[in-house]
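Open the model and keep the sequence beside it. The text below goes through it part by part.

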Amino acid sequence: MNQGAEKKEQVAAWTADTKVVSKHAMELKQLDNGVIIPPSGWKCQKCDKTDNLWLNLTDGSILCGRRNWDGTGGNNHAVNHYNATGYPLAVKLGTITADLEAADVYSYDEDASVIDPLLARHLQHFGIDFSSLQKTEMTTAERELDQNTNFDWNRIQESGQEVEPLFGPGYTGLVNLGNSCYLAATMQVMFSTRGFCQRYYSNQSLKEAFGTAPADPTVDLNMQLTKLAHGLLSGKYSIPATKKDDAGDAAQTTLTAKQEGIPPRMFKSVIAAKHPEFSTMRQQDALEFFLHLIDQVERINIGSPTFDPSRSFKFGIEERLQCPSGKVAYNRRHDYILSLNIPLHKATNKNELEDFRKLKAEKDARG
Ligand SMILES: [Zn+2]
């Protein structure tokens with residue numbers, strides 16, 4: 001798969017479950033104010049911004065987008081215009097091309113990227129021939145994906161520290177597939193436990209897993225867990241990445257301090273198959289994923305429970321309930337998780353945390 005197609009697929013997966021037809025699209029009233037939009041050379045009507053511009057589909061005003069929490073982005077002129085007028089739909093200039101479905105239409109009222117089935121007509125109202133326009137801007141979904149896959153963690157880490165890169169068996173990174181950090185974090189923990197390492201690495205070769213897999217090993221969880229284990233634990237993929245020189249000549253490469261890591265795509269599609277949440281590209285809860293994984297691993301090891309690595313996470317809980325009258329009752333159950341309360345008042349980085357909370361509150365207030 002080439003880069004462009006893969007990106008497009010990722011963006012599709014990112015948005016597929018969220019974009020719906022706007023309730024304002026079919027009945028949208030467009031003002032007969034004689035506004036004609038030129039095919040290029042746009043600028044915000046309230047400031048000097050020439051990128052991140054939104055065309056309001058009611059009155060044809062061109063205004064800049066929202067300011068990001070870190071100060072980048074626009075000056076909020078488009079959203080302010082909506083707040084003043086209630087004109088609900090805007091399309092991002094630079095995302096309109098002959099492929100109209102890919103255009104980024106936003107509904108302020110519904111607070112979501114939406115589909116406008118009448119977009120061609122709505123654009124024509126302001127003299128725009130969509131088939132002649134070029135794509136010059138990222139859509140909201142592309143931008144979100146970009147930010148989530150290229151996230152600069154240093155910007156939110158509470159205290160920066162120089163870390164030493166490590167290579168070798170067990171020091172293999174997992175590539176973020178877009179909001180998949182919950183999966184990466186959970187799997188790194190699982191494969192740091194003896195039960196999982198033995199079951200899927202020391203006691204099972206790739207060849208053995210392949211031999212026992214059903215017709216299609218790409219959809220076999222045992223095979224994919226074994227593949228992931230060998231990828232993470234063999235050390236084969238824990239090597240410094242090479243950087244091509246500026247001319248792009250593969251022969252002229254230098255080693256970097258980073259590693260490329262392995263992308264757990266096949267594993268994710270198997271473990272998430274048919275699951276309504278984990279099969280999406282949305283952010284997920286690592287704890288929920290852990291419980292889902294344990295459940296799946298238990299299922300595929302049902303024939304040989306002594307080899308089931310999920311057993312090492314299982315424990316019994318006994319709860320003692322005492323009534324004021326002195327009567328006592330006991331509850332017994334099995335569980336895989338034990339909640340611990342973290343005494344926040346004992347934290348040593350309270351000031352930094354306060355700063356972060358303040359910044360977040362400001363961001364939330366701006367919307
Ligand atoms: Zn502006």
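Asparagine 52 lies in the loop between β1 and β2. Helices (H or I, at least four residues) and strands (E, at least two) are DSSP runs, numbered from the N terminus. This is a predicted model, in which local features need pLDDT of at least 70 and side-chain atom pairs count only at pLDDT 80 or more, while totals for chains, interfaces and linings use all residues. Residues are numbered from 1 along each chain as its sequence is written, and side-chain values use heavy atoms, with hydrogens and water left out.

Look at the backbone of asparagine 52. Its phi is positive, about 55 degrees, although asparagine 52 is not a glycine. At 13% relative accessibility, asparagine 52 counts as buried. Buried means under 20% relative accessible area, exposed over 50%, and partly exposed in between (1.4 Å probe, protein chains only).

The loop between β1 (20–21) and β2 (53–56) also holds cysteine 44. The ideal angle for four tetrahedral donors is 109.5 degrees.

Just after α2, glycine 86 takes a positive phi of about 80 degrees.

Now move to the loop between β5 (105–107) and β6 (112–115), where aspartate 111 lies. Aspartate 111 is a residue other than glycine with a positive phi, near 50 degrees. Is aspartate 111 buried or exposed? Aspartate 111 is exposed, with a relative accessible area of 55%.

Next come the helix pairs. In α5, Tyr182, Leu183, Ala184, Thr186, Met187 and Met190 are buried. The buried residues of α5 pack against α6, α8, α9 (265–271) and α10.

Take α5 and α10 together. The axes of helix α5 (residues 181–190) and helix α10 (residues 286–300) come within 9 Å and cross at roughly 55 degrees. That makes α5 oblique to α10. Angles under 35 degrees count as roughly parallel, over 145 as roughly antiparallel, 65 to 115 as roughly perpendicular and the rest as oblique. Axes are lines fitted to C-alpha atoms, for helices over the stretch in contact, and angles run from 0 to 180 degrees between N-to-C directions.

Which residues meet here? Tyr182, Leu183, Thr186, Met187 and Met190 in α5 meet Ala286, Phe289, Phe290, Leu293 and Ile294 in α10. Leucine 287 also has its place in α10. Leucine 287 is partly exposed, at 42% relative accessible area. The C-alpha atoms of leucine 287 and tyrosine 182 are separated by 8.4 Å, and the two residues are 105 residues apart along the chain.

Now compare α6 and α8. The axes of helix α6 (residues 194–202) and helix α8 (residues 221–233) come within 8 Å and cross at roughly 100 degrees. The two helices are therefore roughly perpendicular to each other. Cys197, Arg199, Tyr200 and Tyr201 in α6 meet a set of α8 residues that includes Asn222, Leu225, Ala229 and Leu233.

Another pairing involves helix α11 (residues 350–366), which holds glutamate 362. Glutamate 362 is partly exposed, with a relative accessible area of 43%. Glutamate 362 and tryptophan 69 are 293 residues apart in sequence and 8.2 Å apart in space, C-alpha to C-alpha.

Finally, step back to the whole chain. The secondary structure comes to 11 helices and 10 strands. Of the 367 residues, 35% count as buried. Among contacts between residues at least 6 apart in sequence, 60% join residues at least 24 apart.

Note on methods. Contact = heavy atoms within 4.5 Å.
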